[in-house]
Amino acid sequence: MKVAIFGAGTMGSGIAQNAVTSGYSVTLNDQRQEALDRAKANIEKALNRDVEKGRMTAGDRDAALARLTCAATLENAKDADLVIEAIIEDLKAKQAVFTSLEDICPAHTIFASNTSSI
């Protein structure tokens, strides 16, 4: 299964971390490259900590990181089986992402939203 996560903040990067450690191929997407860089670094740090504490092997960490791709364009969701939106808490922005993705993703794609205040 291929998962595309939109929003590389705390929630999006946490979802991405859980997905790659569960064996899924993940594309983490954000418009801001600095957010992607920070998210990837935080995921690597967390997985390294899991290795140090014996909760994960170094091989499992490396395999999980190999399943993670970071991207700044929506087109990377063109083969996603599952899309999880975790962008800012703005209804119009969320709707715009989904509207754009409808034209990019295959018909079987499942769309999900992570929101805490809408």
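Here is a quick tour of this predicted model, from its overall layout down to a few single residues.

## Ground rules

The model is predicted, so local features need pLDDT of at least 70 and side-chain atom pairs count only at pLDDT 80 or more, while totals for chains, interfaces and linings use all residues. Residues are numbered from 1 along each chain as its sequence is written, and side-chain values use heavy atoms, with hydrogens and water left out.

## The overall layout

Let's start with the whole protein. It has four helices and five strands; these are DSSP runs (helices are H or I with at least four residues, strands are E with at least two), numbered from the N terminus. Starting at the N terminus, the order of elements is β-α-β-α-α-β-β-α-β.

The C-alpha trace spans about 40 × 25 × 25 Å along its principal axes.

Of the 118 residues, 36% count as buried. Buried means under 20% relative accessible area, exposed means over 50%, and partly exposed lies in between (1.4 Å probe, protein chains only). The protein exposes about 6700 Å², with carbon and sulfur atoms supplying 50% of that; the areas come from the Shrake-Rupley method with a 1.4 Å probe, and for residues only the protein chains shown count as cover. As for contacts (heavy atoms within 4.5 Å), take those between residues at least 6 apart in sequence: 64% of them join residues at least 24 apart.

## Two nonpolar cores

A nonpolar core here is a set of buried Ala, Val, Leu, Ile, Met, Phe, Trp, Tyr and Cys residues joined through side-chain atoms within 4.5 Å. The largest one has 18 residues, and the members touching the most others are Val 3, Ile 5, Ala 8, Ala 16, Val 26, Leu 28 and Leu 68. At least two residues each come from β1 (2–6), α1 (10–21), β2 (25–29), α2 (33–52) and β4 (82–85). Helix α2 gives the largest share, five residues.

Ala 8 shows what such a spot looks like: beyond its neighbours within four places in sequence, Ala 8 is in contact with Ser 13, Leu 28, Asn 29, Asp 30, Ala 35, Leu 36 and Ala 39. There is also a second, separate core of nine residues, and its members include Ala 4, Phe 6, Val 83 and Cys 105.

## Helix α1

The end C-alpha atoms of α1 are 17 Å apart, which agrees with the 16 Å that its twelve residues should span at 1.5 Å a residue. (The expected span is 1.5 Å times one less than the number of residues.) Its buried residues are Gly 12, Ser 13, Ala 16, Gln 17, Ala 19 and Val 20. They cover an arc of only 165° around the axis, so they sit on the same side of α1; the arc is that of the directions from the helix axis to the C-beta atoms.

On the other side of α1, Thr 10 and Asn 18 are exposed. The cover over the buried residues includes β1, β2, α2, α3 and β3. Just after the helix, Gly 23 has a positive phi of about 100°.

## Helix α2

With 20 residues, α2 reaches 29 Å from first C-alpha to last, close to the expected 28 Å. Buried in this helix are Ala 35, Leu 36, Ala 39, Ile 43, Ala 46, Leu 47 and Asp 50. Looking down the axis of α2, these fall within an arc of 100°, so they line one face.

The face turned away from the buried side carries the exposed residues Lys 45 and Glu 52. The buried residues of α2 pack against α1, β2, α3 (58–66) and β3 (68–71). After α2 comes Gly 54, with a positive phi near 80°.

## Two residues to look up

Which strand holds Leu 82? Leu 82 lies in β4, and counts as buried at 19% relative accessibility. Leu 82 and Lys 2 are 80 residues apart in sequence, yet their C-alpha atoms are 6.6 Å apart.

Arg 61 lies in helix α3 and counts as buried at 17% relative accessibility. Not counting residues up to four places away in sequence, Arg 61 touches Leu 47, Asn 48, Val 51 and Met 56.
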